[in-house]
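The entries below are my notes.

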Amino acid sequence: MPGGPTVTPGTPNTKAKDVSPRVKIVVALYPFKAIESGDLSLEKNAEYEVIDDSQEHWWKVKDQHGTIGYIPSNYVKEKELLGLQKYDWYVGDMSRQRAESLLKQNDKEGCFVVRKSSTKGLYTLSLHTKVPQSHVKHYHIKQNARMEFYLSEKHCCETIPDLINYHRHNSGGLACRLKTSPCDRPVMKKCWSHGPEDRPGFRILKDQLAAVAQGLTD
């Protein structure tokens, strides 16, 4: 047998890799003014980091300034699930007829909305223009082989918000540039915050008071 030291196969490192916990970011759907000490005010469309969501109705979050407090959980939605809903120009399942009525009522050049298309999974841009006369045009937002969004194949963007932003500055084949969205667009139904009995610690305090009362009567 050839001489030389015996080669010992290396022992694999079985230590599990450290996996950083996923940070949950939520976006405020509605403004909320802190009512009690420990609450945190919410600013619409602002982002917050969730620290504790173990309570059903009240979550502990941190704002961009590092301030921590409790908020009503039904006033926010996880950023990853929010999609287009945070944009004023997105109107979801609004029908073609309703979009036309809303835009004509607003009667402003370049007023627009983005809505779900009648074709599942697609979106439509409805745009009010006064050239050559007041009317509403509808454009299907399409995707190319690279999954980029476009209204005109010469002008493609990675996301729909990027596409909207591009056409705010360039007509790029549209009847006119995008300018404003209707101020009276439908908004998601607001859910009122829950009562004090749902706040963290309330049940503990309630049980403590009950115990004291029981002790006084014994």
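**Entry 1: basis.** I note that this is a predicted model, in which local features need pLDDT of at least 70, side-chain atom pairs count only at pLDDT 80 or more, and totals for chains, interfaces and linings use all residues. Residues are numbered from 1 along each chain as its sequence is written, and side-chain values use heavy atoms, with hydrogens and water left out.

**Entry 2: the chain.** I looked up the secondary structure and found four helices and ten strands. Helices (H or I, at least four residues) and strands (E, at least two) are DSSP runs, numbered from the N terminus. From that terminus the order of elements is β-β-β-β-β-α-α-β-β-β-β-β-α-α.

I then asked what share of the 218 residues is buried. The share is 33%, where buried means under 20% relative accessible area, exposed over 50%, and partly exposed in between (1.4 Å probe, protein chains only). The accessible surface of the chain is about 14,800 Å², and carbon and sulfur atoms hold 52% of it. These areas come from the Shrake-Rupley method with a 1.4 Å probe; for residues, only the protein chains shown count as cover.

For contacts (heavy atoms within 4.5 Å), I considered residues at least 6 apart in sequence: 45% of such contacts join residues at least 24 apart.

**Entry 3: the sheet with E1.** I found an open sheet of five strands in the order E4-E3-E2-E1-E5, with antiparallel pairing. Its edge strands, E4 (68-72) and E5 (76-78), each pair on one side only. The twist averages 45° from one strand to the next; axes are lines fitted to C-alpha atoms, for helices over the stretch in contact, and angles run from 0 to 180 degrees between N-to-C directions. Two strands pair if DSSP finds at least two bridges between them. Strand E1 (residues 25-28) pairs with E5 in the antiparallel sense over three bridges, and Val-27 stands opposite Lys-77 in E5.

**Entry 4: the sheet with E8.** A further open sheet of five strands has the order E6-E7-E8-E9-E10, with antiparallel pairing. Strands E6 (112-116) and E10 (155-157) are its edges, each pairing on one side only. Here the twist averages 30° from one strand to the next. E8 and E9 are joined in the antiparallel sense by two bridges, and Lys-142 stands opposite Tyr-150 in E9.

**Entry 5: Glu-148.** I located Glu-148 in the loop between strand E8 (135-143) and strand E9 (149-152). Is Glu-148 buried or exposed? Glu-148 is buried, because its relative accessible area is 18%. Its side chain makes a polar contact of 2.9 Å with that of Arg-146. A polar contact is a pair of N or O atoms within 3.5 Å; within protein, one must be able to donate a hydrogen and the other to accept it, and residues adjacent in sequence count only if both atoms are side-chain atoms. Beyond its neighbours within four places in sequence, Glu-148 is in contact with Lys-142, Gln-143, Cys-156 and Cys-157.

**Entry 6: cysteines.** I searched the whole structure for disulfides and found zero; the criterion is a pair of cysteine sulfur atoms within 2.5 Å. Cys-156 is partly exposed, with a relative accessible area of 29%. Cys-176 is in no disulfide either, and the nearest cysteine sulfur, that of Cys-111, is 9.8 Å away. Cys-176 is buried, at a relative accessible area of 8%.
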